Amino acid sequence: MRILILNGPNLNLLGKREPEIYGRQSFEDYFGKLQAQFPEHKLEYFQSNHEGALLDKLHEVGFSYDGIVFNAGAYTHTSVALGDAIAGISTPVIEVHISNVHRREAFRHHSYLSAHCAGIIVGLGLQGYALGVQAIIGHQS
């Protein structure tokens, strides 16, 4: 299976940014462990701080990959365009958030993506990505 891990704004700062919320591990270090956990599948990673680049990546892979695990960061709560892009593609998307967004500021309680995603994983730290990959594998079985 071919699965894209897609991260939005500020997730390039994992391990440095607010470690009390997001932990001390960089995503690049975690991604190597994730690939080792699923050696029989091709996991790819893309991160951007730019909404348009995330839209372009969804359009690029959204009809050919087996799944997308997507942490849109703050764009989750602001981007109708990303929600529309997910609605418009055929590849299943699992929405992931490292922190429990429902225990945070009120504006983080709403997602423009959730209604268009196959599932949502919230508040389980980086392990949420592995659970997202497992969900995609199970979805295709």
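Q: Hi! Looking at β3, how many of its residues are buried?
A: Five of the five residues of β3 are buried, so this strand is largely enclosed by the rest of the structure. Keep in mind that this is a predicted model.

Q: And which residues sit on each side of β3?
A: Gly 67, Val 69 and Asn 71 are on one side, and Ile 68 and Phe 70 are on the other. All of them are buried, which leaves both faces of β3 covered.

Q: What kind of sheet is there, and what is the strand order?
A: There is an open sheet of five strands with parallel pairing, in the order β2-β1-β3-β4-β5. Its edge strands are β2 (42-47) and β5 (119-122), each of which pairs on one side only.

Q: By how much are neighbouring strands of this sheet turned against each other?
A: On average by 20°, with direction ignored.

Q: Back to β3: how many bridges join it to β1?
A: Five bridges join β1 (residues 2-7) to β3 (residues 67-71), and the two strands run parallel. Within that pairing, Gly 67 is the bridge partner of Ile 3, Ile 68 is the partner of Leu 4, and Phe 70 stands opposite Leu 6.

Q: What about β3 and β4, how many bridges there?
A: Three bridges join β3 to β4, and these strands run parallel too.

Q: Is β1 mostly covered or mostly open?
A: Mostly covered: five of the six residues of β1 are buried.

Q: Changing topic, how many residues are in the largest nonpolar core?
A: That core has 22 residues. Those with the most contacts inside it are Ile 3, Ile 5, Phe 27, Leu 34, Val 69, Tyr 129 and Val 133. The elements giving two or more residues to this core are β1, α2 (27-37), β4 (93-97) and α5 (127-140).

Q: Which element gives the largest share of this core?
A: α5 does, with five residues.

Q: Let's zoom in on Ile 5. What is it in contact with?
A: Leaving aside neighbours within four places in sequence, Ile 5 is in contact with Phe 27, Phe 31 and Leu 34, then Glu 44, Tyr 45 and Phe 46, and also Val 69, Tyr 129 and Val 133.

Q: What does the second core include?
A: The second core is separate and has 18 residues, including Leu 54, Leu 58, Ala 72 and Ala 85.

Q: Now the helices. Which residues in α2 are buried?
A: Phe 27, Tyr 30, Phe 31 and Leu 34 are buried in α2. They cover an arc of only 105° around the axis, which puts them on the same side of α2. On the other side of that helix, Lys 33 and Ala 36 are exposed.

Q: Why does Phe 27 count as buried?
A: Its relative accessibility is 1%, and buried means under 20%. Phe 31 counts as buried as well, at 10% relative accessibility.

Q: Those two are both aromatic. How many aromatic pairs are there?
A: The count comes to six aromatic pairs. One of them is Phe 27 with Phe 31: the ring centres are 6.3 Å apart and the planes are at 25°, so the pair is stacked.

Q: How far apart are Phe 27 and Phe 31 along helix α2?
A: They are four residues apart in α2, so about one helical turn separates them.

Q: Which residues do ring pairs link into a cluster?
A: The cluster consists of Phe 27, Tyr 30, Phe 31, Tyr 45 and Tyr 129.

Q: One more helix: where does α3 lie?
A: Helix α3 (residues 51-61) lies across β1, β2 and β3, and runs at about 170° to β1.

Q: Which residues of α3 are buried?
A: Leu 54, Leu 55, Lys 57, Leu 58 and Val 61. Seen down the helix axis, they fall within an arc of 160°, so they line one face of α3.

Q: What do the buried residues of α3 pack against?
A: They pack against β1, β2, β3 and α4 (80-88).

Q: And which exposed residues are on the face turned away from that buried side?
A: Asp 56 and Glu 60 are the exposed residues on that face of α3.

Technical notes
Residues numbered from 1 in each chain as written. Predicted model: local features only at pLDDT ≥ 70, side-chain atom pairs only at ≥ 80, totals over all residues. Heavy atoms only, no water. Pairing = 2+ DSSP bridges. Axes fitted to C-alpha atoms, helices over the stretch in contact; angles between N-to-C directions. Contact = heavy atoms within 4.5 Å. Core = buried A, V, L, I, M, F, W, Y, C linked by side-chain atoms within 4.5 Å. Buried < 20%, exposed > 50% of the residue type's maximum accessible area, 1.4 Å probe, protein only. Arc of directions from axis to C-beta. Phe/Tyr/Trp six-rings, centres within 6.5 Å; stacked < 30°, edge-to-face > 60°.
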